[in-house]
Amino acid sequence: MHALDAIDRKILGYLQSDGRVTMAELAEKVGLSVSPCHRRVKLLEERGVISRYIATVDQKSVGLHVSVFISIKLARQKEEDLNRFARAISKWEEVLECYLMTGNRDYLLRVVAADLSSYEAFLKNKLTRLDGIASIESSFALSQVKYSIALPV
């Protein structure tokens, strides 16, 4: 992998804050002309540094008022059990993030729901129906203090 230079990092910083910036605006902000700036962006895309462009949607604006962090302990930590769990939860749109963890829990999930009854339905109809789960602990977020998808480049 090629090292990122200062201009690459500036490009990434600006694109993370506004993915719809025009190439002309981006070039001006990072101190390049349009063609070299465009080449750098294309190279960052080809190298996989920029993996995609998305719109960030406000969770509450679309009726998803509940955020839940769920700790999962599996009955066994064999590779096939880990893979089965990962395959199952990757299909569920309520699960925004899932991490395989160290420590006393195997997975940490971030789940969104419209309300408590919607979360209860997710829990009863999906999560508790998975084989191999030893325990589920849910923690409800009271408020969001910080949220960012921008990496500190």
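Reply: Helices (H or I, at least four residues) and strands (E, at least two) are DSSP runs, numbered from the N terminus. By that rule, valine 66 has its place in strand 1. This is a predicted model, in which local features need pLDDT of at least 70, side-chain atom pairs count only at pLDDT 80 or more, and totals for chains, interfaces and linings use all residues. Residues are numbered from 1 along each chain as its sequence is written, and side-chain values use heavy atoms, with hydrogens and water left out.

Me: Why is valine 66 called buried?

Reply: Buried means under 20% relative accessible area, exposed means over 50%, and partly exposed lies in between (1.4 Å probe, protein chains only). Valine 66 has 13% relative accessibility, and therefore it counts as buried.

Me: What is valine 66 in contact with, leaving aside its neighbours within four places in sequence?

Reply: Contact means heavy atoms within 4.5 Å. With those neighbours set aside, valine 66 is in contact with Gln59, Val111, Val112, Ala113, Ala114, Asp115, Leu116 and Phe140. As for phenylalanine 122, which is 56 residues from valine 66 along the chain, the C-alpha atoms of the two are separated by 12 Å.

Me: What makes strand 1 largely enclosed by the rest of the structure?

Reply: Seven of the nine residues of strand 1 are buried, so the strand is largely enclosed by the rest of the structure. Serine 71 also has its place in strand 1, and this serine is called buried because its relative accessible area is 18%. Leaving aside neighbours within four places in sequence, serine 71 is in contact with Arg105, Tyr107, Leu108, Ser135, Ile136 and Glu137.

Me: In what order do the four strands form the open sheet, and which are the edge strands?

Reply: The order is 2-3-1-4, with antiparallel pairing. The edge strands are strand 2 (95-100) and strand 4 (133-140), each of which pairs on one side only. On average, neighbouring strands of this sheet are turned by 20° against each other, direction ignored.

Me: How many aromatic pairs does the structure hold, and why is the pair of tyrosine 119 and phenylalanine 122 called tilted?

Reply: The structure holds four aromatic pairs. Rings of Phe, Tyr and Trp (its six-membered ring) pair if their centres lie within 6.5 Å; planes under 30 degrees apart count as stacked, over 60 as edge-to-face and the rest as tilted. Tyrosine 119 and phenylalanine 122 lie 6.2 Å apart centre to centre with 35° between the planes, and the pair is tilted. Because they are three residues apart in helix 5 (residues 116-125), about one helical turn separates them. Tyrosine 119 counts as buried because its relative accessibility is 4%.

Me: What makes the pair of tyrosine 119 and phenylalanine 140 edge-to-face?

Reply: Tyrosine 119 and phenylalanine 140 have 85° between the planes, with 5.4 Å centre to centre, and this pair is edge-to-face. The pair links distant parts of the chain, since tyrosine 119 is in helix 5 and phenylalanine 140 is in strand 4, 21 residues apart. Phenylalanine 140 has a relative accessible area of 40%, so it is called partly exposed. Ring pairs link Trp92, Tyr119, Phe122 and Phe140 into a cluster.

Definitions and conventions. Pairing = 2+ DSSP bridges. Axes fitted to C-alpha atoms, helices over the stretch in contact; angles between N-to-C directions.
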